Every structure is written in structure tokens, then in C-alpha cells.
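Student: Please take a close look at one strand of this model. Where does it sit, and what does it pair with?

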Amino acid sequence: MVKKTFTLIEIIFVIVILGLISVGSFKAIEMLYQRYYQVNTITKFSILSQTLLDEVSTILYYRTPLTAIGYDPDSGEFKKLEDINDEKYKIFEWISEAYDAKKHFGFDIKTGYTGFIDMDASDRDTLTLVSKDFNITDINNSLNAIFDNNQDLNKTTAVIFAGNLDTGVESDDYNNSFGWHGYEHDKVFLINKFKQVGNDANLTMTSDIEGNKIYSKYYLATSAWGIARGKDINKTADCLNGLDVDDNTLLLFYNYRPWKNKTFCADPHTNKSETIEGNVSILARDITAFKVKAVDYHIELKVQFSKEMYRGSDKNITITKQKVTF
């Protein structure tokens, strides 16, 4: 019996077919992986974008009205948020009231402060404001826990009056209202000394309060806050040591006080009279755009996540989401 063997042509033919099958299988597997990667990334970005906007919206809810600005890190210029229609103001900053130290009612009772002044008991001649239901110890403990320091809050905290409509006190010279980036702080009044008197407190102000209108409602200001992408800051700043920050990293800056001639710790364009201060946290990565717009009395937030479809690809997976906060 003669045993039949494969010819060289048949072997080559089989190899070619197996090669085509392998290539086809590889392509199919590659496409399945890419599809999985796209779906997974889109789902991840969708969740992260909503979480990010909710988080920022919550922080912004306690902003002090009129203090929000857009800041140009290249020139050092800034504008009131309502006046901005230029893309160059890439960094968003505002002053927040000390909500965590504020008096709360209900199940979680805090005895911090109410934010109201007894106008009759206050004395302009001695620069003394009598703040109702103001617990100095509770406020110190709350704020020092937030900012992780043990400093006395004298000459650190400040008062910003709410004005007639709780929107703040308007000024003809906005640049010099809140102390932003080397300017004066004509509408932010530094507390020079606290004194507990029963449930109330006497707040002795600096002489800046002289000649200004006093309102019964005020915001206790303890920190400014800022949001910026890594692309627009000084990535060599000491406060970023140990953090993996690239151009598309979104950062939250806090614990700095413009009314004390301070700016956030990674400001790339500090005024000669300014010094840096504060802390920083990473909010999100893969952020290719973060925009803030003021319309009437609310703020519109827009965020864009983007990432390569796969390594070396010229196509991106992009998710854009918006949210309005009041």
C-alpha cells in the first residue's frame, strides 16, 4: 500500500489559509477589544463627568455672591465672572462662606454662627460688630479641621456684607473689591479680634470698615477657592510635589486668602506683592476643557473628558456634560 503525502504546494496553500484565518481572528479580537474599551471608557467618563459636576456645584453653592472671577494665568488679568466673554480667562476663582462652621438646626446641631449682626448693639466708633449666636470655639475647631492647621483665626477670617439683596455690596471699582491678585480688598473686612460675650461675640474689625456701609447680614469668609487645568498652572510648584499632574488634570485650590495678598499655590503669574498659599487636590483627569459661565444669578458649568481611542490613534473618545448651579 502506497502512503500518500502532501505536496509542497499543498503545504504552502494550507499555511496561507491558516495565516489568513489567524489574521482575520486577530482583527476580530482587536475590534472586539476596541469596542469594549470604547464602551468602558464612555461609561466611565459619563459617571465621572456627572460626579465632578455635582461635586463642583455643591462647593459653588456656598460661594459669596459677586466674588467669582475668571483669571488669565498668562497676563495676570481677571474679570468679574458676569463680564467675561473671552476664552483667555481660563482659571475660575471665588470666595466661599464658612458653611461648615455655620449654625445648623435639626438632627446635626452646630453652634457656629448665624451670619447676622445686632445693628443696635454694634459700635462703629470702636469698630465693634456684635455677631448674634457666634461660638468662637466651635468655629475655630470646624475651620481648623477643614484646613488642617492650628492657627488662631484672628486676622485671618473676614466679613463680606450681604448687601440689600444678599448678592453682596456693589462697587464702582470691582478690581479693588476682594483683593484678587494684588489689588485692594475694599469690600472684604478683616476681623482683628474676637471676644465671646455669652452666646454672641464682639468682632473688632480693622480700620477698613470706617466709611463703609454696614448690613445686618454678612458672610464669614475664610478661604478663596480656584479650579484650573494643569495646562494653565505652574506644574513645578512645591504644593504639587507627589502629585501626578499633566495638562489635562483638573485641580481644586483652596485655603488661600486674597484679602491678605495671597494667591493659590500654583499661580504661574504672581504679582510682585503677592505670595502663594494654600492646598491643592486633584478633581479629575483626562479633562480637555472646563468652562464656567455666569448668567444672571446662576453659574453654568461645562466639562469635557477626552482620551485616545487606543494608543497611537488619531481619534478620541469624548464626553461633554453641562450643569447649572444656583
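Tutor: Two strands pair if DSSP finds at least two bridges between them. Helices (H or I, at least four residues) and strands (E, at least two) are DSSP runs, numbered from the N terminus. This is a predicted model, in which local features need pLDDT of at least 70, side-chain atom pairs count only at pLDDT 80 or more, and totals for chains, interfaces and linings use all residues. Residues are numbered from 1 along each chain as its sequence is written, and side-chain values use heavy atoms, with hydrogens and water left out.

The strand to examine is β8, which spans residues 218-229. Because 12 of its 12 residues are buried, β8 is largely enclosed by the rest of the structure; buried means under 20% relative accessible area, exposed over 50%, and partly exposed in between (1.4 Å probe, protein chains only).

β8 is joined to strand β9 (residues 250-256) by 5 bridges, and the two run antiparallel. Within this pairing, isoleucine 227 lies opposite leucine 252 of β9. Isoleucine 227 is also the bridge partner of phenylalanine 92. The pairing of β8 with strand β3 (residues 91-97) is antiparallel, with 6 bridges. A further antiparallel pairing, over 4 bridges, links β8 to strand β5 (residues 158-161). There, tyrosine 218 of β8 faces phenylalanine 161.

As for the setting, the protein contains 2 helices and 15 strands. Of its 326 residues, 45% count as buried. Contact means heavy atoms within 4.5 Å; among contacts between residues at least 6 apart in sequence, 63% join residues at least 24 apart.
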